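Please keep the sequence and the 3D view at hand while reading.

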Protein chains: 4
Amino acid sequence: MNTFGRNFRITTFGESHGVAIGVVIDGCPPGFSLSESDIQPFLDKRKPGQSDLVTPRKEADRVQILSGVFEGKTLGTPICLLIQNTSMRSTDYDELRELFRPGHADRGYMEKYGIRDHRGGGRSSGRETAARVAAGGVATLYLAQYGIRIFGHLLQVHGETTPEGIEKAIRTARDNGDSVGGIISINVSGCPPGLGDPVFGKLDAFIAYAMMGIGGVKAVEIGSGTMAADMNGSEHNDQMTPEEYLSNNAGGILGGISTGQDILVRLTIKPTPSVRAVQKTIDIHGENRDISVHGRHDPCIAVRIVPVAEAMMALVLMDALLEQRKIFPGFLKES
Amino acid sequence: MNTFGRNFRITTFGESHGVAIGVVIDGCPPGFSLSESDIQPFLDKRKPGQSDLVTPRKEADRVQILSGVFEGKTLGTPICLLIQNTSMRSTDYDELRELFRPGHADRGYMEKYGIRDHRGGGRSSGRETAARVAAGGVATLYLAQYGIRIFGHLLQVHGETTPEGIEKAIRTARDNGDSVGGIISINVSGCPPGLGDPVFGKLDAFIAYAMMGIGGVKAVEIGSGTMAADMNGSEHNDQMTPEEYLSNNAGGILGGISTGQDILVRLTIKPTPSVRAVQKTIDIHGENRDISVHGRHDPCIAVRIVPVAEAMMALVLMDALLEQRKIFPGFLKES
Amino acid sequence: MNTFGRNFRITTFGESHGVAIGVVIDGCPPGFSLSESDIQPFLDKRKPGQSDLVTPRKEADRVQILSGVFEGKTLGTPICLLIQNTSMRSTDYDELRELFRPGHADRGYMEKYGIRDHRGGGRSSGRETAARVAAGGVATLYLAQYGIRIFGHLLQVHGETTPEGIEKAIRTARDNGDSVGGIISINVSGCPPGLGDPVFGKLDAFIAYAMMGIGGVKAVEIGSGTMAADMNGSEHNDQMTPEEYLSNNAGGILGGISTGQDILVRLTIKPTPSVRAVQKTIDIHGENRDISVHGRHDPCIAVRIVPVAEAMMALVLMDALLEQRKIFPGFLKES
Amino acid sequence: MNTFGRNFRITTFGESHGVAIGVVIDGCPPGFSLSESDIQPFLDKRKPGQSDLVTPRKEADRVQILSGVFEGKTLGTPICLLIQNTSMRSTDYDELRELFRPGHADRGYMEKYGIRDHRGGGRSSGRETAARVAAGGVATLYLAQYGIRIFGHLLQVHGETTPEGIEKAIRTARDNGDSVGGIISINVSGCPPGLGDPVFGKLDAFIAYAMMGIGGVKAVEIGSGTMAADMNGSEHNDQMTPEEYLSNNAGGILGGISTGQDILVRLTIKPTPSVRAVQKTIDIHGENRDISVHGRHDPCIAVRIVPVAEAMMALVLMDALLEQRKIFPGFLKES
């Protein structure tokens, strides 16, 4: 289950502190211009160490195209993108070899597999998302040809909704060796109507699947989201005229199919679980232990999930676009 | 995309006002006791006409096993469950042949397929969920053998959280020819640790996919859900002792893998889009029209989504259980 | 694993002597004319009792469309086709409840599942192929719109290659209570170039998978087939001019992709395992038994596999055609 | 479609003359001992330049494990195996940039994708099979734990069946700048009964799919194979006693399920299409051209397909073994 998508399929691999991480993209249409320098900006946007609001870890995150591109064009064959792991201070994690960090996947991997790579979360590390961002970059570039654009924003952190308030909340958490949760929005403009398939291929269902599959996401809302609970039908329905919809409570998706309106998605991200406060936990022998996690951690992981969520949205839309072409030959053909 | 699941795969079929609806279950373990009378109670719980809070439509919803069961035991071969459509007053929908109802999938199907069955929503009708409930019933019975139990509840309607408040809110909406949204919870007890797969097979990602794939769901929350946005990491982390977890903000899932705690899920459901109020819409020719939807509709579809969401949860868990057995032979073997 | 195909997916269900057999087709393009009387001729061609060379069993095999078609056109939603089982003389099989027939799947089902429906082979019966033929009929009709046509022929039986020789060989086997094997060809004309995908989606690989999945098939050959073993490269290569290929040893497929030449496939079918001769076998208790199978059996199952293999070929091509449309929008669009 | 398998899924990538080729294995059970030196011998067996009967090209083919293994054990996470391309004399292929070689996939890729990597066949090159062999090696090692062993042999070349005859036939072809076809067998011992799933998951169907997906394979036979056409049922049936089957015409598979007997498969391989003889072809502009292919080619590709076919067999069995564990917890558990 390291593959995402039906038509534009990505398979990611790599542990946080292994040799490299990467992704194989299968199903990318041929003849599409693509180079390493096209993909690199997506990784640069995600990488840590760019401001004092995120982890000071440095990761070069240089993407290398191993296959599927020839003389600057995609071949239609699988595209393998590789990112070497260069900033691996595994010794940071030696004390975690036998300890399960609260709020982390440590114990789950051990209970599931009977074995785990304890260094930096191994496969459960946020580092794996670099591979998704690289693949999502390819999809984003492809969708842009048709005017489909994806915009992610940080909306709220610890109750704060202004840039200054958000910045202050993050700094406070960082200075306390603590962390804070947040809300981000991922919106899409230019999406054509007709994407998404009933009944188990609904566009919003795939979006929910894609987004909840990002570590730390605790809630996915489409359009009106949780506010729908307090509304009447007469108020929630998006009325139509020949020119437009008069509102967008649907969030651009009705019955699982895109309406052509902007797609509106909101994600709630939990606070980073790595905190300095002493917490109760157990070790691999089941014994009582106290833990205080040090090291270079993001005080608000929501900040860094924005480009990952954008990438996942691009992957969902790319997949739905190819799906629709099967039954509707000529759908969104390049002009 | 009418198939759900990797290991316990269900494929549903049937339009609301066609001959029948049904489901084929592929991958059910052999030798499991199953009869029509085992499945019928799940459908009875879902079917309309049971109180004055739901649509007075009568649907017999008798399930028939067409295959896969022999002398009272599953064969390991596909189980086809059929439900005849008996209460088909298609003429109710004649006036909707050319009209797109706001808040419905009508226009989306037309834009996607260029054709649609306008009678009662056709394939996008809530009626399709009877097939899911039948299949989910089989999964629920199987899981119960291992002590895994699923509980759905209506938590909130139009801001009300007490039974009387909720009842009143629904009656008011019904009397006004309007509808109301709501929030339901779907919890699981007895789930073993180790279910769910990183990175694109996360248990919470599949739950989000399954739940957002139910018509009308606008938000899916796991554990702390949207409240995580306002929390600190030191507060959100679920500390552990050898005996137990000290809280359950994770909602029973960490890193996409079940922890063994109760699984806690919350869904927000939009108000039923069929309302009596006159609303602006367009017809299939793109012309301005006014619409007022009459007929036998649920004033609060959240009520009736409870058994559907329970069924989807059972399907997700059943699938994850079989997946885990592949790598962990003997996992949850019957004793 | 009762589903075939990636894009035009069919899921069959039903035991030989259960209530009914059927198939759900998911992914059929919308707006395509389809009725029960369009599909029935495919089933009629397959059904037994049509000459004295096949089993005298009578099966009405009336197909019923349960979903996915509205006012004579496909909706793009799943098409369920149902065939009631009407000629069920289960008592024919009472003596087989505890006996494993040589050359049959009886023992395999028991060893795999620990349970089986012993009546007429249950799910392993050739009867299941009626569902494939119904689904294949839909694909065949769709492909015919583009001039793609499939032709199956009986080439050889027990060493005989003329109609009279073949007829005599079958009658002799029948009169002796024995059976004979044979070879059939399945050819395709009008197939466009470009169908099939490297490297695990090769058109010939899917054909081999589809054909070897028909009960009784022991060999699949493409183009030159087994004769290629004795050829030189200079002889086997199909030379090209701007107008045409000068030979067709490839059988219309090179590197897994259709060339536009006729697709040439040959299948070897084993003799029907149900024979009157007394043979050694064991029962479900592992005890020595003698068996002599009576009843209404085909003396040469190759005869009846022709329409099944045609159906499977149609399903493979239909699936590949939809696949190609994803990357090549407008591929084989209706003019 | 560069992914093979349902449970033990491999995704290969890489063009013949690109930077590297490789494979991602998803679904390998955790806790299994694995190192680069365990896998290397499988690649060594496949690599060219080992005798004067195969191409004198030198390919180092050193495998590198990029992920999924930690401290000598598999983690249950995806295993990426990488093989750098070191012997890339792309200039050998400059004259082929505009030319379609007869018997090759050149023209098919161009017609399918509108673009191709002309260097050494790009993705259609036999070089891609090194990735399969590496993945198959992992499966082979896993299966060996349970006593399941796979044996490939060269049976026949150009009508010759003795080692000396075969050697002479290959040398003669090589000296003439020509090539020869052949037949190989792939047999399995120690396979437990119960592997394979009706009806579209038959073990023999997957074997046919896997084998026909190897470039150059023109026929796949199971057990009696093409000989079944001339046999009677009373002769073809494998009679049983409590101790054993009395023959193995089934080739170890009945009704798609393994019987526990040896699995017997035969493949016919076409002669290598790269020959020195002048042949008619066309170029990418559709013009008449003559072609004579020089360079370092295998005179009998059948020789080198043996380890590839062994690898594919291992992948099929590994996948079926994991599948069976889902419904039969504890199946083939390590003792």
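## Annotated binding site

An unreviewed UniProt entry places the feature "binding site" at A:R123, A:S124, A:S125, A:G255, A:K270, A:P271, A:T272, A:P273, A:S274 and A:R296. These positions span 174 residues in sequence, and the farthest two C-alpha atoms are 43.8 Å apart, so they do not all gather at one spot. UniProt positions follow the numbering used here, feature names are shortened, and annotations may be inferred rather than shown by experiment.

The model is predicted: local features need pLDDT of at least 70, side-chain atom pairs count only at pLDDT 80 or more, and totals for chains, interfaces and linings use all residues. Residues are numbered from 1 along each chain as its sequence is written, while chains are lettered from A and ligands numbered from 1 in the order in which they are written.

## Two of the annotated residues

A:R123 is located in the loop between α2 (106-113) and α3 (129-144) of chain A. Helices (H or I, at least four residues) and strands (E, at least two) are DSSP runs, numbered from the N terminus. Because A:R123 has 29 C-beta neighbours inside 10 Å, this residue counts as buried. The term buried requires 20 or more other C-beta atoms within 10 Å of the residue's own, exposed means 12 or fewer, and partly exposed lies in between, with C-beta atoms placed from the backbone. Not counting residues up to four places away in sequence, A:R123 touches A:E15, A:D117, A:E128, B:P198, B:V199, D:L75 and D:T77. Two residues are in contact if their C-beta atoms, placed from the backbone, lie within 7 Å.

A:S274 occupies the loop between β13 (263-269) and β14 (279-282) of chain A. A:S274 also counts as buried, with 25 C-beta neighbours inside 10 Å. Leaving aside neighbours within four places in sequence, A:S274 is in contact with A:R101, A:V293, A:G295 and A:H297.

## Helix packing in chain D

Two packed helices are described by the angle between their axes and the distance between the axes. In chain D, helix α5 (residues 203-212) and helix α7 (residues 301-327) pack at an angle of about 145 degrees, with their axes 9 Å apart. Axes are lines fitted to C-alpha atoms, for helices over the stretch in contact, and angles run from 0 to 180 degrees between N-to-C directions.

From α5(D), the contact is made by D:L203, D:F206, D:I207, D:A210 and D:M211; from α7(D), by D:A309, D:M312, D:M313, D:L315, D:V316 and D:A320. These residues divide into 11 nonpolar, no polar and no charged. Here Ala, Val, Leu, Ile, Met, Phe, Trp, Tyr, Cys and Pro count as nonpolar, Asp, Glu, Lys and Arg as charged, and the others, Gly among them, as polar.

## Helix α5 in chain A

A:F206 belongs to helix α5 (residues 203-212) of chain A. A:F206 is buried, with 31 other C-beta atoms within 10 Å. Not counting residues up to four places away in sequence, A:F206 touches A:G201, A:V316 and B:Y209.

## How the chains meet

Chain A can be laid on chain B with an RMSD of 0.0 Å by a turn of 180 degrees and a shift of 0.0 Å along the axis. That is the relation of a two-fold axis. Copies are superposed by least squares on the C-alpha atoms of residues with pLDDT of at least 70 in both. Within chain A, A:Y209 comes closest to the rotation axis, at 2.2 Å (C-alpha).
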